[in-house]
Amino acid sequence: MAMTLDRTRPLFIRLLLLVLIVLVPPVAWVTIDAMAEFSQGLIPEMDKKAETIGRDLEASIERAVNFGIPLDKLEGMGEFFSPVLAANPEIRYLAVTDRKGNVLFMQGIDKASIESFYTSADFGEVDHAHKSILGPFIDMAQPLVTKAGRVGQVHVGTDQDYVRERLMEIAIDLAVVTLVALLIAVEILLFVVTFNITGPMRVVGTVIDKVRRGDFGFMAGVTSDDEVGRFVHGFNGAIRYADTLFRRLEAYLDEVKSAHFDPGVVEQVRDIESRVKFLFRFARTGQPETVNEHQATDIRLPLFLFVFAEEISRSFMPLYIRDLYAPIPGLSPEMVIGLPIALFMLVIALASPSAAMLANRVGARRVFLIGLVPATIGFVMSALAMSVYDLILWRMATALGYAFITMACQGYIAQVSHQQKRAQGLGVYVGAVLTASVCGTGFGGVLAERVGYRTTFWVAAILTIVTAVLIYRLLDSAQPNAETAAPRKREFLRLLRNWRFSVLVAFAAIPSKIALTGFLFFLVPLTLSQNPNIDLGDMARIMMAYPISVVLMSPLVARFADHVGWKAGLVAVGGLIGGAALVLPFFWEPVVVIPVSIWLLGISQGLSASPQLAMIPDLCWTECRIMGQTNVLAFLRLAERVGSFAGPLLAACFIPAYGYNGAIIALGVVVAGLASVFALLSFAYHAGPHIETEWGE
Amino acid sequence: MGHSSVAGGSGAGLPPARPVRWSLARKVSLALVSILLFTQLMAAFFAYYKFESVYSSLVQSRYSFVVFTIKKRVEDNLNLGFALRQLRQVQEIIEREKSRDAQILAVEVYDFRGEVLFDTDRGAIGTKVADSLFEAIRTGSSQSLSFSVIDEDNLIVGLPLVNNLGKVEGGVVLRYPIAYVEKGLSGLMVQLSKSIAMAVAVFSVVAVLGLYILFGGVGRKLGSMEQTLTEVMSVGGQAIPEGGGDAFEERFAEFVAKTRETVDHIRDATEEVGRLDRLQ
C-alpha cells in the first residue's frame with residue numbers, strides 16, 4: 001500500500017506492524033523469564049510443604065506403631081488423611097507403603113495408578129525424604145522408622161499441574177496486559193499520526209485545492225516544530241509571498257488610479273486590476289485566513305482515556321458496593337447493591353439531553369472540561385467512600401461527568417463530520433468506547449486483584465486528569481459551530497407516536513440494555529464471586545468477552561445488514577439470542593455457562609445494535625427530515641437508557657426469590673419475552689421508508 | 001518530488017526554512033518507547049505480585065499446617081478435660097516444632113484472656129499477646145478459621161484452640177520472618193529487573209530504528225516537496241512528482257505551478273502598471 005501523506009491508513013498500518021514487533025516479543029521475553037523463575041522458586045517451597053506434612057504424618061504413625069499396632073493394621077487412616085487433603089488443594093494424595101513398596105493406605109487417587117512404581121522403586125535405607133516424579137505427581141517419600149527399625153514409607157503427592165496452573169495464570173495476566181498495551185498503543189499512535197501528520201496534511205490539501213482554483217485567501221494553520229511544521233511553514237510562505245505581491249500591486253494600482261492625470265492610463269490600469277482579480281482571489285481582510293480543520297479523531301484519545309477510567313471498575317463494582325453495604329430501610333440488600341448502578345444509568349439518561357444542548361451552545365471542549373470535574377470528584381470520592389450512602393452520591397457525580405463528556409464527544413463529532421461522513425465519525429466514537437471497554441474491564445480486574453478496589457479508583461481519577469490535560473492542550477478553543485439547533489422535548493415525545501419507533505425502543509433497545517446492565521454489570525460479578533476458585537482477574541477476563549465479541553461482530557453484521565437489507569430480522573434475532581443466552585444457566589452450571597452467555601450477549605448486541613441504527617431512516621423517515629437524523633438517533637439512545645436503569649433493579653428483585661442463578665434465568669425470560677414481541681411485530685414493519693405523516697397528526 | 005528548470009526567475013521571496021526541533025521520528029519514538037516501558041513495568045508488576053501472592057500463601061499454608069498439627073494435639077488434650085494452663089507437654093510440642101524448622105522464630109500458646117501460657121521463648125511466658133491476636137481468636141472462633149497478622153518484621157499465622165464444647169480456650173500462633181518470603185521473592189525481582197532492562201534497551205533501539213526508517217521517508221518526501229517549491233518559486237521550472245507520485249503529490253505539483261503562475265502574473269502586471277505609470 002502506497003503511503004499517502006494525507007491518509008491515515010497506510011501510515012498507520014506500517015506503524016501497527018512496528019508496534020507489534022516492539023511490544024509483543026519483549027512481553028513474551030519477560031513472561032518466559034518470570035515463569036522460569038516462578039517455577040524455580042515455587043517448587044522447593046512445595047517440596048518443603050510436602051516434607052512438613054509427611055513428617056507430621058510420619059510422627060503420628062510411628063507413635064501408633066511404637067505402641068505395638070502393626071503398620072498394616074492401623075485403623076481410621078482415611079479419616080486421618082481426609083482433612084489434610086481437604087485443607088491443601090495442591091496435595092493430591094497421601095499414602096503409606098510397607099518396606100517393599102506395597103500400598104497399605106492411600107487417599108486422593110486410585111492406588112493402582114502408582115503402586116507399580118512403589119514396588120519397583122528402591123527407597124533403600126535412606127533416612128531422609130526422597131523425591132520422585134510420578135507422571136503428573138511429585139512424590140515425596142519419608143521413611144517410617146520405629147523401634148524395630150524401618151517399616152515403610154509415608155508418601156505425599158503434590159500436583160505438578162499446580163505449578164503449571166499458576167504459571168498459566170501469570171501468562172494469562174500478561175496476555176491481558178499485552179492486549180491492553182497494544183490497544184492503548186494503537187489509540188496513542190493513531191492520535192499521534194492524525195494529529196501530527198495526516199490531520200495537518202489534510203488541512204494543507206484543503207488549502208491546495210483552493211489555490212488550484214486561484215484562491216490565495218487561506219493558509220494552513222499548522223505550527224508544529226517537526227518536518228510537517230517546516231513544510232507547512234514553507235507552503236504558507238509561498239501563499240504569503242503571492243499575497244504580499246498582490247498587496248503591493250493593489251497599492252500601486254490604487255496610487256496610479258487616484259494620481260495619474262491620463263484617463264487612458266487609468267482605464268488600462270483598471271483593466272489590469274480587473275484581470276488580476278478575475279484570475280486570482282486574495283483575502284479581503286488584508287492577509288490570508290488560517291484554516292484549522294477539525295476532525296472526529298481529535299477527540300478519540302481523550303474519550304478513550306475517560307471511558308477506560310470508567311470501565312476500570314466495571315468488573316468489581318457490585319462487589320465494592322457489597323463491601324460498603326449499609327441497610328436502606330425498605331430495600332433488600334440486593335436492591336441496595338443494584339441501586340448505585342441503576343442510579344448511575346438514570347443520571348446519565350437525565351443529564352444527557354441538557355449536556356447535548358449545552359455542548360451545542362458553549363462548545364464541546366468546554367462541556368468536556370466541565371464534565372471532567374464531577375467525574376474526577378466522583379472517582380476520588382468513590383475511592384474514599386465510607387458506605388453505600390456516599391458511594392451512591394459519588395457514582396451519581398461520575399455519571400453526571402460521563403453524560404457531559406459523552407455528549408460533548410458526540411456533539412463534537414456531529415459538528416466536525418459532514419453529513420456523508422457522519423457514520424464514519426460515529427464509528428470513531430463507538431470504536432474508542434469499545435476499545436476502552438475491552439482495556440478497562442480487563443485491566444481493572446487484574447489491577448484491583450493486586451492493589452484493591454480503592455486504589456483502582458485512584459488510577460481512574462489520574463486517567464481523568466490526564467484526559468483533562470489532553471482536552472485542554474489539544475482541542476482548539478475555537479470550536480466549530482453547531483449544525484442544527486437541538487429539538488425541543490415536545491418533538492421527542494411526538495416521536496414516540498410513531499408506533500414502529502416505539503416498538504423498536506420498547507421491545508428491542510430497552511431489553512438489550514436490561515440484559516447488559518442487569519446481567520453483565522450486576523449479576524455476573526455477584527454470581528462469579530460465589531465461586532472461591534474465581535478471582536477478580538478471572539472475572540474481568542470473563543467479562544472482557546462482551547466488548548470483544550461486540551467489536552468482532554459489529555462490522556460483520558453492519559456489512560451483512562447492508563447487503564441483505566434484513567435489518568428488523570437481525571434486530572429480532574439479536575434480541576432472541578440475548579434472551580436465550582441468559583436462560584442457559586437453567587441447563588448448565590453457572591460457572592461453566594456464564595462465559596458462554598457473555599459471548600452470546602456480545603454477539604446479540606453486535607447483531608442488533610447496528611441494524612437498530614440503520615433502521616431509523618426508514619422507520620422515521622418523516623421525523624428524520626424534520627428533526628434531523630442525528631437527533632432521532634440520540635433520542636433512541638436516550639430512551640434505551642430506561643432499560644439500563646431498570647436492569648440492575650429488576651435483577652435485584654429476582655435474587656431474593658430465585659437466587660443469583662435464578663435471577664439470571666428470570667432476566668433472560670423477560671428479555672426473551674420482549675424480544676419475541678418485537679420479532680412478531682417486526683413482520684408488520686415492511687421494507688422501505690415509511691412516510692406516513694404521524695408527525696402532523 | 002523532482003523539479004525541472006525551464007526558465008530563470010527572480011528571487012524567491014520565501015521565508016527562510018524553519019528548523020526542525022522535534023522530528024516526527026523523535027516524537028513517535030518517545031511515545032512508543034514510553035508505551036514499551038509502561039507495558040514492561042505493568043507486565044513485571046503483575047508477574048511479581050502473582051508470584052508474591054502464590055509464594056507467600058504457599059509459605060503461609062506450610063506454617064498453617066504446623067500450627068494445625070499443634071492445635072490438634074493441644075485440643076486432643078483439652079478434650080480429655082484438662083485446662084489449657086495444665087498441659088505441660090505443650091511446651092515440649094512447640095519447642096520440637098520450632099527445632100524442626102530454622103525459619104520458625106517462635107510458637108506461642110495463649111489463653112482466652114490473651115496471656116501467654118507456653119512460648120518457645122520461655123521469657124515471654126506470662127506476658128500478654130498483642131491485641132490483634134487476642135481479637136483474632138475472638139472473631140474467628142466459631143469457624144475455627146486460621147488467621148494471619150503482620151507484626152513488625154514477622155508474619156504470624158494462628159488458629160484458635162477450641163474445646164469439644166465449642167468454647168474458645170485460647171490460641172496458638174507461629175511467627176516466621178518476612179525476610180524469608182522476601183528472600184524467596186528477591187530472585188524473581190532481580191531476574192525481572194534484568195529482563196526488563198534488556199528488553200526495553202533492545203526493543204527501544206528496534207523502535208527508534210523502525211520509526212526513523214518509517215518517518216524518515218515522510219520527512220524526506222516533505223523535504224523534497226519543500227525544496228521543489230523553493231526552487232520553482234526562486235528559479236522557475238515545474239514540479240514533477242517522482243515516479244508519478246500519489247494523488248497528494250500531484251495536487252501539490254499543481255499548487256506549485258499555480259503559485260508560480262500567480263507570482264509571475266502579478267509581477268508582470270506590476271511591471272505593466274509601472275510602464276503605464278511612467279507614460280507621460
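Domain bounds, as used here, come from an automatic or database domain assignment. On that basis chain A is divided into domain 1 (24-165), domain 2 (213-291), domain 3 (295-485) and domain 4 (487-690), and the centres of domain 1 of chain A and domain 3 of chain A, taken over C-alpha atoms, are separated by 54 Å.

This is a predicted model, in which local features need pLDDT of at least 70 and side-chain atom pairs count only at pLDDT 80 or more, while totals for chains, interfaces and linings use all residues. Residues are numbered from 1 along each chain as its sequence is written, chains are lettered from A and ligands numbered from 1 in the order in which they are written, and side-chain values use heavy atoms, with hydrogens and water left out.

Chain B contains 5 helices and 7 strands, where helices (H or I, at least four residues) and strands (E, at least two) are DSSP runs numbered from the N terminus. Along the sequence these elements follow the pattern β-α-α-β-β-α-β-β-β-α-β-α. The radius of gyration of chain B, 41 Å, contrasts with the value near 19 Å that a compact globule of 280 residues would have; the radius is taken over C-alpha atoms, and the globule rule is 2.2 Å times the number of residues to the power 0.38. The C-alpha atoms of chain B fill a box of roughly 135 × 35 × 30 Å along the principal axes.

Of the 280 residues of chain B, 53% count as buried, a term that means under 20% relative accessible area, with exposed being over 50% and partly exposed in between (1.4 Å probe, protein chains only). Contact means heavy atoms within 4.5 Å, and among contacts in chain B between residues at least 6 apart in sequence, 65% join residues at least 24 apart.

| Residue | Location | Relative accessible area |
|---|---|---|
| T456(A) | helix 13 (residues 453-474) of chain A | 0% |
| D101(B) | loop between helix 2 (89-100) and strand 2 (106-111) of chain B | 13% |

Neighbours within four places in sequence being left aside, T456(A) is in contact with I312(A), F316(A), G444(A), L447(A), A448(A) and V451(A). With the corresponding neighbours set aside, D101(B) is in contact with R62(B) and Y63(B). The C-alpha atom of D101(B) lies 40 Å from that of A199(B), a residue 98 residues apart from D101(B) along the chain.
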